[in-house]
Amino acid sequence: VERDLNADQLIYASIARGANAGGFNAGATLEEDQTFDEETNWTYEFGAKNYWPEYGFTFNGAVFYIDWSDVQINRADPAAPDPQNAPSIVSNLGNVTVYGFEIDALWQATDNLAFAATLSHSNAKYDDDSIDNRFTRGAQCDDIVCNSNGDVGGNEVERTPPTQFSVGSQWE
């Protein structure tokens, strides 16, 4: 939904559901690893979009919350006889909660010169009882650096930096 405050400003809210189908691991050794469940998420967002034509300035912002269930990961088949040559299978790791904000701005300083900036911050963590089976085989974890039982609950989601920003300019 959106509400236009005037011709150059609006506020909006959205609710969206995403899904990634479950499936089969035909080459999995154990019966319980031969299938994996659907991955889903519910995303809630509230934001504003603003433009001030007299200044050539645009400013947008949003806050969001994501409830992500049955996250799918690729991992080596834990029951393969040779861990070094184990086939890759898909598994469900657990759940993730993400919340944060995003802002972006653009200033058209002249007809030819523009400046832009973005900033986002998010908190993306595995929920309690999320088990990452990639860490349960062999000597990868020693209960000091990571849990040998694969429990990643409370940890940040990998490859998801909490803060990201960019700045730039353009001459046209």
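Reply: This is a predicted model.

Me: What makes β2 and β5 a pair?

Reply: Strand β2 (residues 9-20) and strand β5 (residues 39-52) run antiparallel and are joined by 12 bridges. Since at least two are required, they count as a pair. I11 stands opposite A48 in β5.

Me: Why is one side of β1 and of β11 left without a neighbour in the sheet?

Reply: The open sheet has 7 strands in the order β1-β2-β5-β6-β9-β10-β11, with antiparallel pairing. β1 (2-6) and β11 (163-171) stand at its edges, each with a single partner strand, so one side of each has no neighbour in the sheet. From one strand to the next, the twist averages 15 degrees.

Me: Why does Q72 count as buried?

Reply: Buried means under 20% relative accessible area. Q72 has 17% relative accessibility, so it counts as buried. Q72 is placed in strand β7 (residues 72-76). Its side chain reaches the backbone oxygen of A21 at 3.1 Å. Leaving aside neighbours within four places in sequence, the contacts of Q72 include N20, F36, E39 and V90.

Me: Why is D33 called buried, and what makes its approach to R75 a polar contact?

Reply: The relative accessible area of D33 is 10%; the cut-off is under 20%, so D33 is buried. D33 lies in the loop between β3 (23-24) and β4 (35-36). The side chains of D33 and R75 make a polar contact at 3.1 Å, and the limit for such a contact is 3.5 Å.

Me: What makes a set of residues a nonpolar core, and which residues make up the largest one?

Reply: Such residues must be buried and joined through side-chain atoms within 4.5 Å. The largest core has 11 residues: F64, I66, V71, I73, L93, V96, V98, A124, Y126, V152 and V157. β6 (57-69), β9 (96-108) and β10 (113-126) each supply at least two residues of this core.

Conventions
Residues numbered from 1 in each chain as written. Predicted model: local features only at pLDDT ≥ 70, side-chain atom pairs only at ≥ 80, totals over all residues. Heavy atoms only, no water. Buried < 20%, exposed > 50% of the residue type's maximum accessible area, 1.4 Å probe, protein only. Helix = DSSP H or I, 4+ residues; strand = E, 2+ residues; numbered from the N terminus. Polar contact = N/O pair within 3.5 Å; in protein donor to acceptor, adjacent residues only side chain to side chain. Contact = heavy atoms within 4.5 Å. Axes fitted to C-alpha atoms, helices over the stretch in contact; angles between N-to-C directions.
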